[in-house]
Amino acid sequence: MRKILASILVLLFIASSAAFTAAQCPSEGHTVILKAPAVSKTSTGELVGVATDFVITVAPGSGHVYVETWPLAQVDMQASARLAAQVAGKVLGVDMDKYDVFIQIKANSPIIGGPSAGGTMTVGIIAALEGWKLNPKVMMTGMINPDGTIGPVGGIVEKASAAHQAGAELFLIPEGQRIQYVQKTNRTEIGGVVEIHSTTEKVDVAKYAKERWGLRVIEIKDIYDAVYYFTGHRLQKPTPNGNVKINTNFLKGDAVSDYTNTSAYYKATLKKLKNSDVNYETYSVLMNALAQAGALLNSSKESLDNGMYYTTLSKDFQARIIVRHVDWYLSINSGEDVEKILEKVNEEINTTETQVSNITIRGTTMLQAVAAAQQRVEDAKSSLDEAWKYYYNNDYWDAIGDASYAYERAKTAVFWKNLGERFAKGNTINPGVVRTTARDYIDSSNLIVTYIDSMYGNVIGNDLLNEIEKAEQYYEDGKYSAALFTAMEARIRAEVFLDTLGIDNETVLMDKLETMKEDARTAIGLAQEQGIVPVLAVAYYEFAESYEKSGKPEDLQTAMIFYQYARETAQLFLSTPPRGEETSTNTTSPAPLPTITIPTSTESTTSTPTPGNTDNEALWITAVVGAFLIGALTGKKI
């Protein structure tokens with residue numbers, strides 16, 4: 001897989017370089033020059049900071065983004081550059097189809113940094129579009145996300161060093177990444193025997209950079225903050241005008257009915273088990289399974305009573321998978337019985353797929369619901385494929401288990417399809433818009449996963465790469481909605497991994513979660529003000545709250561993932577809000593340094609664990625990172 005991916009990246013680079021060579025140097029437009037820190041990997045695998053030069057020109061054109069890098073970057077920058085141009089246009093309310101963007105990147109050594117240069121490129125494109133000067137004493141690192149937030153990156157300590165060597169006085173980093181963890185290798189020789197020990201050391205980058213180089217380090221949240229520090233111009237950030245109301249009351253009737261039906265199914269299956277003639281061992285296993293389903297139904301009832309209707313539906317869904325597994329297992333006497341069940345599930349999926357595929361999508365709300373339905377159909381098909389594999393290996397228990405999941409998954413696809421029809425409103429959605437957006441999400445998710453692999457090795461396994469491959473296959477099959485949401489979820493999970501890597505303090509983790517929660521609220525509020533009912537975003541927001549309440553490290557990370565889902569889905573296909581009045585601290589030249597004194601809450605609220613709490617810290621870092629590696633997304637959503 002890595003060799004194939006590397007080949008694709010090389011081809012993309014060659015294609016982008018060839019396009020740049022063919023493109024004529026623009027005779028009009030604006031050019032800006034700025035530096036960005038990156039990391040390079042030595043022959044021994046050590047990460048070192050290097051300064052990178054960016055020359056960015058924006059000129060009238062037809063929407064192309066040309067990229068030339070020297071030397072060849074290990075991670076392709078084309079996808080990051082394209083996203084940077086899109087975000088710049090969205091922030092300024094500019095149609096980027098009327099401009100061409102030319103980006104030249106040069107470093108003294110091969111760099112790792114496609115995603116981490118996204119924020120810098122976005123600032124440069126905005127400045128070139130506006131004709132603004134950039135402060136040469138400012139540098140930054142951070143990915144750019146579609147909503148304009150600055151995403152997490154790695155190698156910040158090394159990049160701070162590069163920023164200092166390049167003459168920067170202010171270094172901007174993503175919010176929440178002030179505390180970093182670095183590996184220290186100690187080599188000792190005793191009696192001719194060499195022992196090498198590696199330890200993890202916590203570094204407060206802001207304190208370290210200030211004490212060592214006099215470099216000021218500030219955490220920034222989004223591109224609006226970055227533009228201000230680079231140019232002195234303050235662009236108005238879109239915010240909801242009124243109080244944002246988030247509830248899932250539109251699902252109340254569905255939740256009440258679903259809980260009633262699932263409870264009845266549970267009771268009937270429990271009775272069926274007690275009246276069966278299975279042996280003691282099988283009876284015990286099935287009874288334990290139903291006990292889990294009963295616990296989920298109790299939790300579902302609590303959610304229902306508290307008005308958390310999407311959470312109710314999701315817990316019913318989880319319980320129903322278990323109940324169906326037991327029910328169907330009690331019904332089989334031979335392999336032929338299993339085969340009939342799998343064929344029944346296949347018919348259900350095919351019927352559902354036909355319903356979902358032949359629907360006309362009207363409006364953004366319906367688009368999101370139908371996209372969720374399409375993704376769930378594909379999920380059901382994948383699960384059924386696994387069920388057939390178990391069947392052919394005579395593993396009937398697991399075959400029935402996967403078939404049960406596939407059947408219930410197909411049912412939830414029908415639920416989302418019906419919900420979309422309930423909220424159908426507005427013009428028919430152009431499939432080309434969905435296709436283009438899906439392509440962008442696949443490229444950006446591929447980029448960040450490859451970036452993590454380049455920086456840290458294969459620390460996240462193949463799970464996310466498999467999801468991206470799935471998204472790519474959906475795209476090739478013309479299932480653009482499923483491709484979009486699958487790639488989005490993979491990218492968000494990768495971002496949350498980067499953003500929580502090494503955190504060993506509960507307060508810091510909670511601060512990050514609160515930021516993500518507020519961002520999700522803002523995104524939902526902006527969607528509502530455009531007359532959109534962001535059903536998927538509201539549902540995910542509530543589901544995140546249900547995990548947040550547990551307080552467990554692994555559940556907090558799952559909550560983060562769902563808050564990010566909520567934020568991202570709320571903003572899909574929103575029209576760009578009218579650009580507000582821009583305020584400036586200095587309309588003729590960049591704000592001087594180091595006198596920029598915009599307060600940042602992250603500088604004062606980022607907490608540093610106190611000495612003597614090492615054991616608890618170790619438990620937190622193990623729990624949080626370990627939870628991700630075994631699959632942070634433990635919650636099954638409907």
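Reader: Which way does α2 pass α3, in a left-handed or a right-handed crossing?
Author: The crossing of α2 and α3 is right-handed, meaning the near helix is turned clockwise from the far one by less than a right angle. Helices here are DSSP runs of H or I with at least four residues, and strands are runs of E with at least two, numbered from the N terminus. A quick note: this is a predicted model, where local features need pLDDT of at least 70, side-chain atom pairs count only at pLDDT 80 or more, and totals for chains, interfaces and linings use all residues. Residues are numbered from 1 along each chain as its sequence is written, and side-chain values use heavy atoms, with hydrogens and water left out.

Reader: Thanks! Which residues of α2 meet α3?
Author: Among them are Ala84, Val87 and Val91, and on the α3 side the partners include Met121, Ile125 and Leu129 (contact means heavy atoms within 4.5 Å).

Reader: Switching to the sheet, what is the strand order?
Author: The order is β1-β2-β4-β3, in an open sheet of four strands with mixed pairing; strands pair if DSSP finds at least two bridges between them. At the edges are β1 (30–41) and β3 (65–70), each pairing on one side only.

Reader: And how many bridges join β1 to β2?
Author: Twelve, and the two strands run antiparallel, with β2 covering residues 47–60.

Reader: What is the bridge partner of threonine 31 in β2?
Author: Threonine 31 has threonine 57 as its bridge partner there.
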